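Work through the exercises below with the structure in view. Try each task before reading its solution.

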Amino acid sequence: MQANYEALLPEVTVAEVTDEALKLQQAYLDAGILTPTWEDDALHIAVATVQGCELIVSWNFQHVVHFQKIPQYNAVNALHGYDETAIHSPHEVINDDDEFGEGV
């Protein structure tokens, strides 16, 4: 798995935490989607949303890839003028035939 991570690293853009992302994070918390205990998860989604990511892939089934929370995140996004962000698990987006899908 580490080799897969290292192979993909040159293709990654590191997104900064901006004031805009912090405001969206707070909007998720204010909406009650997550509690302050899980503010890092809210920030993850906020940064991706502000950066215009179309897809978030996560193993976090409790706070991110959660069938009740995904529409809530997107409702808050819409209220704040952001596009919908698709949120899925790795199993939903990686085919067994993918180069990095082996062993996942």
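**Exercise 1: Helices H2 and H3**

Task: describe how helix H2 (residues 19-30) and helix H3 (residues 39-50) pack in this predicted model.

Solution. 
Step 1. Two packed helices are described by the angle between their axes and by the distance between those axes.
Step 2. For H2 and H3 the angle is about 130°, and the axes are 8 Å apart.
Step 3. Angles under 35 degrees count as roughly parallel, over 145 as roughly antiparallel, and 65 to 115 as roughly perpendicular; the rest are oblique. H2 and H3 are therefore oblique to each other.
Step 4. The crossing in which H2 passes H3 is right-handed.
Step 5. On the H2 side, the contact is made by Glu20, Ala21, Leu22, Leu24, Gln25, Tyr28 and Leu29. On the H3 side, the residues are Glu39, Asp40, Ala42, Leu43, Ile45, Ala46, Val47, Thr49 and Val50.
Step 6. Sorted by kind, the residues of this contact are 11 nonpolar, 2 polar and 3 charged.

**Exercise 2: Helices H2 and H4**

Task: at what angle do H2 and H4 pack, and which residues make the contact?

Solution. 
Step 1. The angle between H2 and H4 is about 125°, with the axes 10 Å apart.
Step 2. This angle makes H2 oblique to H4.
Step 3. H2 and H4 cross in a right-handed manner.
Step 4. H2 contributes Leu24, Ala27 and Tyr28 to the contact, and H4 contributes Tyr73, Val76 and Asn77.
Step 5. The residues of this contact divide into 5 nonpolar, 1 polar and no charged.

**Exercise 3: Asn77**

Task: is Asn77 buried or exposed, and what is Asn77 in contact with?

Solution. 
Step 1. Locate the residue: Asn77 belongs to helix H4, which covers residues 69-79.
Step 2. Buried means under 20% relative accessible area. Asn77 has a relative accessible area of 1%, so Asn77 is buried.
Step 3. Set aside the neighbours within four places in sequence; Asn77 is then in contact with Leu24, Tyr28, Thr49, Tyr82, Asp83 and Thr85.
Step 4. Take one of these, Tyr28: Asn77 and Tyr28 are 49 residues apart along the chain, and their C-alpha atoms are separated by 8.8 Å.

**Exercise 4: Thr35**

Task: where is the place of Thr35, and what is the relative accessible area of Thr35?

Solution. 
Step 1. Thr35 sits in the loop between H2 and H3.
Step 2. Its relative accessible area is 43%.

**Exercise 5: The whole chain**

Task: how many helices and strands does the protein chain have, and what pattern does the chain follow along the sequence?

Solution. 
Step 1. The protein chain has 5 helices and 2 strands.
Step 2. Along the sequence, the pattern reads α-α-α-β-α-β-α.
Step 3. The C-alpha trace spans about 40 × 25 × 25 Å along its principal axes.
Step 4. Of the 104 residues, 34% count as buried.
Step 5. Among the contacts with a separation of 6 or more, 57% are between residues 24 or more positions apart.
Step 6. The accessible surface of the chain is about 7100 Å², and carbon and sulfur atoms account for 51% of this surface.

Technical notes
Residues are numbered from 1 along each chain as its sequence is written. This is a predicted model: local features need pLDDT of at least 70, side-chain atom pairs count only at pLDDT 80 or more; totals for chains, interfaces and linings use all residues. Side-chain values use heavy atoms; hydrogens and water are left out. Axes are lines fitted to C-alpha atoms, for helices over the stretch in contact, and angles run from 0 to 180 degrees between N-to-C directions. Helices (H or I, at least four residues) and strands (E, at least two) are DSSP runs, numbered from the N terminus. A crossing is left-handed if the near helix is turned anticlockwise from the far one by less than a right angle, and right-handed if clockwise. Contact means heavy atoms within 4.5 Å. Ala, Val, Leu, Ile, Met, Phe, Trp, Tyr, Cys and Pro count as nonpolar, Asp, Glu, Lys and Arg as charged, and the others, Gly among them, as polar. Buried means under 20% relative accessible area, exposed over 50%, partly exposed in between (1.4 Å probe, protein chains only). Accessible areas come from the Shrake-Rupley method with a 1.4 Å probe; for residues, only the protein chains shown count as cover.
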